[in-house]
Amino acid sequence: MPTLDICFSPDLLPLYDLRGRIAVVVDILRATSSIVTALAQGVTHLVPVETLAECRALAADNYLTAAERDGVQAEGVDLGNSPFGYLNGIVPVQGRNVAITTTNGTRAMHLSRAANEVVVGAFLNLGAVADFLRQQGRDVIVVCAGWKGHFCLEDTLFGGALAARLAPDFDVTSSDATLAALDLWEKASPDVAAYLLKSAHVRRLNRLEAHKDMEFCVRQDEYNLVPVWREGKIV
Ligand code: 3SL
């Protein structure tokens, strides 16, 4: 039976062997939620890059640029890291390619490159990701983007929610990380938004007046798509 393990921070990835596994990278607030939303709104592909300079440079190749540092949109780019940037119509995104860099989410993707496949997970596409993983039948590791190496409640909750969806077809009991995430998920659901009010990143986003983003990002099964990062592009 395939296993599901959870890595609570990208800084812990050296402890894991990703080869042969599917990595589900998750940054609920907000990078992976924004990526899923972008593709659902007709973005053709996204290129996750590590630096602001790389992101800005791709504008010359007709990419829209999306960049965030410390929760705030970077200077001189088209979009920040709010899913509403892809929904509000201010910047038309249909049929465009997007270069994206964020503090933690895109970093977690790059650090997961050794995996057999890198998939973008969010509550918004939870069911689609679970169906995809069931079809693949491989061992899975959920890579929580966290915050600058630190543990985050919201990404861990996604790990618990995914484990709950995949049991009993996956082994979700051999890793203490998965057991802890399942317990947390049980405690937080069904009102995940209420539970997350105490989290560090929600408090951070509230200071940036982005509370609506959290309410949107905890919606489950809004989109039926599974972004995968192949040959440099998230499609
Ligand atoms: O760090 C990230 O990747 C972001 O998702 C953080 S923020 O939600 O844009 O602040």
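The largest nonpolar core of this predicted model holds 76 residues. Leu4, Leu46, Tyr86, Leu133, Leu157, Phe158 and Leu162 touch the most other members. Take leucine 162: beyond residues up to four places away in sequence, its contacts are Leu4, Val24, Leu126, Val129, Ala130, Leu133 and Val142. A second core stands separate, with nine residues, among them Val47, Val49, Cys55 and Ala67. In soluble globular proteins, nonpolar side chains tend to be buried together.

Next, the sheet. Four strands form an open sheet, ordered S1-S8-S2-S7, with parallel pairing. S1 and S7 are the edge strands; each has a single partner, so one side of each lacks a neighbour in the sheet. From one strand to the next, the twist averages 25°. S2 and S7 run parallel and are joined by five bridges. Valine 25 sits opposite valine 120 of S7. Helix H5 packs on this sheet and touches S1, S2, S7 and S8. The direction of H5 makes about 180° with that of S1.

Helix H4 spans residues 126-136. Its buried residues are Leu126, Gly127, Ala128, Val129, Ala130, Phe132 and Leu133.

Leu126, Val129, Ala130 and Leu133 of H4 are buried, and leucine 162 touches each of them. An α-helix has 3.6 residues a turn, so residues three or four places apart point the same way. After H4 comes glycine 137, with a positive phi near 65°.

Conventions: Residues are numbered from 1 along each chain as its sequence is written. This is a predicted model: local features need pLDDT of at least 70, side-chain atom pairs count only at pLDDT 80 or more; totals for chains, interfaces and linings use all residues. Side-chain values use heavy atoms; hydrogens and water are left out. A nonpolar core is a set of buried Ala, Val, Leu, Ile, Met, Phe, Trp, Tyr and Cys residues joined through side-chain atoms within 4.5 Å. Buried means under 20% relative accessible area, exposed over 50%, partly exposed in between (1.4 Å probe, protein chains only). Contact means heavy atoms within 4.5 Å. Helices (H or I, at least four residues) and strands (E, at least two) are DSSP runs, numbered from the N terminus. Two strands pair if DSSP finds at least two bridges between them. Axes are lines fitted to C-alpha atoms, for helices over the stretch in contact, and angles run from 0 to 180 degrees between N-to-C directions.
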